[in-house]
Amino acid sequence: SSSRLQATGAHRSLIRSLDQGITWSPVAVSHDRTTPFPTSILTMAFHPRAADMIYLGGRRTGLWRSENGGASWRALTDQNGALDPHADIHAITFAPHNPQIMYLAVFQKNRGEVLRSDDSGMTFRTIYFLSANRIRILDLVVSSRNHDHILIGTEQGGILETTNGGMTWQTRAWLEEPIARLFAGSSFSQEIIVMTSNGSLQKTVDGGS
């Protein structure tokens, strides 16, 4: 797709370019006029195989999808009810070899959760939640070798891991600052880079030990 999208400004609104970034214009179009477009955007992800399909998550506005390169957007309704339409969406990640599988890091009903969809966002189920109230999961990454292998970073500074799709979880490391972003190699075996909430970077080359 020739369009480019960028979140910008104090409220992180969305702007769009159709000429490789030379000029930009605001995008705030909802298919449903009764559902206002998010004014505070937290994350955005492009579908790995469908260039014009884009997902975004806002603050207290749930998950949205565009099917025309960002020109207009629709709020998605989870038919299972696992995703609250007023959730904060902090991260959206696709399984590299099967993009129908997607994961969300959300904050809803006063707790951080990881949700999984096997049908491109039509339905979700919870595969993990933090037991402590008011603590968020701020990022997650999926292994390119195994879509059941996931790392998450929490507001408490925890890096947690599952290798079986969320049935069990282990702690990789605890840092003294909230984990804002995670970057990991394909197997998650050794090198992991973490960006904390204050913007510092930390790296492990021994898997978190």
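In the predicted model, both faces of β13 are covered. Ile150, Ile152 and Thr154 lie on one side of the strand, Leu151 and Gly153 lie on the other, and all of these residues are buried. β13 is joined to β12 by five bridges, and the two strands run antiparallel. Within this pairing, leucine 140 has isoleucine 152 of β13 as its bridge partner. β13 is also joined to strand β14 (residues 158-162), here by four bridges and again in the antiparallel sense. In this second pairing isoleucine 150 stands opposite threonine 162 of β14. β13 and β14 form a hairpin with three residues between them. The turn of that hairpin contains glycine 157, which has a positive phi of about 95°.

Histidine 149 is located in the loop between β12 and β13. Its relative accessible area is 11%, which is under the 20% limit, so histidine 149 counts as buried. The side chain of histidine 149 makes a polar contact of 2.6 Å with the side chain of glutamate 161.

In soluble globular proteins, nonpolar side chains tend to be buried together. The largest nonpolar core of the model has 17 residues, of which Tyr103, Val114, Tyr128, Ile137, Leu140, Ile150 and Ile152 touch the most other members. Two or more residues of this core are given by each of β8 (88-95), β9 (98-108), β11 (125-129), β12 (137-142) and β13 (150-154). When residues up to four places away in sequence are not counted, leucine 140 touches Ala91, Thr93, Tyr103, Leu104, Ala105, Val114, Ile150, Leu151 and Ile152.

Elsewhere in the chain, four strands form an open sheet in the order β4-β5-β6-β7, with antiparallel pairing. The edges of this sheet are β4 (41-46) and β7 (74-75); each has a single partner strand, so one side of each is left without a neighbour in the sheet. The partner of β4 is strand β5 (residues 54-58), and the two pair in the antiparallel sense over five bridges. Methionine 44 stands opposite leucine 56 in β5.

A further hairpin is formed by β17 and β18, with four residues between them. Strand β17 (residues 192-196) and strand β18 (residues 201-204) pair over four bridges, in the antiparallel sense. Isoleucine 192 stands opposite threonine 204 in β18. Glycine 199, in the turn, has a positive phi of about 95°.

Taken as a whole, the protein chain has 18 strands and zero helices. Its radius of gyration is 17 Å, which agrees with the value near 17 Å for a compact globule of 209 residues. The C-alpha trace spans about 50 × 40 × 35 Å along its principal axes. Buried residues make up 49% of the 209 residues. Among contacts with a separation of 6 or more, 38% are between residues 24 or more positions apart. The chain exposes about 10400 Å², of which carbon and sulfur atoms supply 49%.

Notes. Residues numbered from 1 in each chain as written. Predicted model: local features only at pLDDT ≥ 70, side-chain atom pairs only at ≥ 80, totals over all residues. Heavy atoms only, no water. Core = buried A, V, L, I, M, F, W, Y, C linked by side-chain atoms within 4.5 Å. Buried < 20%, exposed > 50% of the residue type's maximum accessible area, 1.4 Å probe, protein only. Contact = heavy atoms within 4.5 Å. Pairing = 2+ DSSP bridges. Rg over C-alpha atoms; globule rule 2.2 N^0.38 Å. Areas by Shrake-Rupley, 256 points an atom, 1.4 Å probe, with all protein chains shown as cover. Polar contact = N/O pair within 3.5 Å; in protein donor to acceptor, adjacent residues only side chain to side chain.
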